[in-house]
Amino acid sequence: MGGFTVDPATLQAQASAIESGITSVLQECLAAAEQADEDENFQYGILLTPFAWPAMELVAGQAQEGIRATLQLSEALSEALNGVSRCYAGMDEGVSSALDKIAAEVEE
């Protein structure tokens, strides 16, 4: 019978890598995007700002929505990996306990 092996510690390590790497970078990106959105922006000059800034606000808003969605996905993936890891660890402990009981009964 075929199968596969799952190492709960590896799943937890992957979840941790997502949290410390991808999620933290996305949080920084979102904070920077929100800060840039709050600042008055005259980088286009006094004459062009009234025309350029509304278009840039639209693009920046869409970018922030994309970052938020990706951040939610990253957090959900990390949470799911941790949950699967706990599930496999619990199953391993349950099977191990059952086998120990059987072994103890056989020894008697």
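Is Gln64 buried or exposed?

**Figure 1. Gln64 and its contacts in the predicted model.**
Gln64 lies in helix H2. With a relative accessibility of 6%, Gln64 counts as buried, because the limit for that class is under 20% relative accessible area. Beyond its neighbours within four places in sequence, Gln64 is in contact with Leu30, Ala33, Glu34 and Asp37. One of these partners, Glu34, also takes part in the salt bridge shown in the next view.

**Figure 2. The salt bridge between Arg68 and Glu34.**
The closest N and O atoms of Arg68 and Glu34 are 2.9 Å apart. The pair links distant parts of the chain, as Arg68 belongs to helix H2 and Glu34 to helix H1, which covers residues 8-38. Arg68 is partly exposed, at a relative accessible area of 34%. Glu34 is likewise classed as partly exposed, at 31% relative accessibility. Both values place these residues in the middle class, because partly exposed denotes the range between the buried limit of 20% and the exposed limit of 50%. The count of salt bridges comes to one.

**Figure 3. A nonpolar surface patch that includes Ile102.**
Ile102 is found in helix H2, which comprises residues 45-107. The relative accessible area of Ile102 is 48%, and this residue is therefore partly exposed.

**Figure 4. The whole chain, as context for the close-up views.**
The protein chain contains two helices and zero strands. Its radius of gyration is 25 Å, well over the 13 Å that the globule rule gives for 108 residues, so the chain is more spread out than a compact globule. The C-alpha trace spans about 90 × 25 × 15 Å along its principal axes. Of the 108 residues, 17% are buried, and Gln64 is one of the buried residues. Among contacts with a separation of 6 or more, 82% are between residues 24 or more positions apart. The chain exposes about 8000 Å², of which carbon and sulfur atoms supply 62%.

Notes
Residues numbered from 1 in each chain as written. Predicted model: local features only at pLDDT ≥ 70, side-chain atom pairs only at ≥ 80, totals over all residues. Heavy atoms only, no water. Patch = residues over 30% accessible without salt bridge, like charges linked within 9 Å, V, L, I, M, F, W, Y side chains within 5 Å. Areas by Shrake-Rupley, 256 points an atom, 1.4 Å probe, with all protein chains shown as cover. Salt bridge = Lys/Arg side-chain N within 4 Å of Asp/Glu carboxyl O. Helix = DSSP H or I, 4+ residues; strand = E, 2+ residues; numbered from the N terminus. Buried < 20%, exposed > 50% of the residue type's maximum accessible area, 1.4 Å probe, protein only. Rg over C-alpha atoms; globule rule 2.2 N^0.38 Å. Contact = heavy atoms within 4.5 Å.
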